[in-house]
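Dear colleague,

Please find the structure below, followed by a short account of what was found in it.

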Amino acid sequence: QVQLVESGGGLVRAGGSLRLSCVASGSIFSVGTMGWYRQAPGKQRELVATISSAGSTNYADSVKGRFTISRDNAKNTVYLQMNSLKPEDTAVYSCNANIRSITASYHNYYWGQGTQVTVSS
């Protein structure tokens with residue numbers, strides 16, 4: 001049983017910053033790529049950023065230069081530092097991780113419940 005729990009969301013004004021955290025816990029054998037996705041009202045969920053177990057990163061063009069993804073493998077935690085926030089960044093941000101549990105021979109994707117980020121103008 002694997003669980004992802006996000007924290008750090010909130011309400012900020014344009015130009016402000018937030019730092020999101022996501023901790024994976026449970027019967028974990030190994031953790032592969034972790035990432036952040038977001039879903040704005042009336043839109044499909046989209047990729048924000050991902051980071052491999054070795055630290056390779058990729059970002060959506062809309063957040064490059066403003067957001068930074070990082071991870072702490074010892075803590076099974078992924079972070080998203082969000083700077084220079086814009087109203088269009090408003091969305092529910094969800095953590096995703098490719099995880100092999102101790103009861104499985106393959107990796108599955110797991111999702112957190114999400115945390116609301118609201119940016120006012």
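Over how many bridges do β1 and β3 pair? The two strands pair in the antiparallel sense over 6 bridges; strands here are DSSP runs (E, at least two residues), numbered from the N terminus, and two of them pair if DSSP finds at least two bridges between them. One of the contacts is between Val5 and its bridge partner in β3, Val23.

Please note that this is a predicted model, in which local features need pLDDT of at least 70, side-chain atom pairs count only at pLDDT 80 or more, and totals for chains, interfaces and linings use all residues. Residues are numbered from 1 along each chain as its sequence is written, and side-chain values use heavy atoms, with hydrogens and water left out.

The pairing of β1 and β3 belongs to an open sheet of 4 strands, in the order β1-β3-β8-β7, with antiparallel pairing. Its edge strands, β1 (2-7) and β7 (67-72), each pair on one side only.

The structure also holds 1 disulfide (a pair of cysteine sulfur atoms within 2.5 Å). This disulfide joins Cys22 to Cys95, with an S to S distance of 2.1 Å. Cys22 lies in strand β3 (residues 18-26) and Cys95 in strand β9 (residues 91-101), so the pair, 73 residues apart, links distant parts of the chain. The torsion about the S-S bond is about -85°, and the disulfide is therefore left-handed.

Yours sincerely
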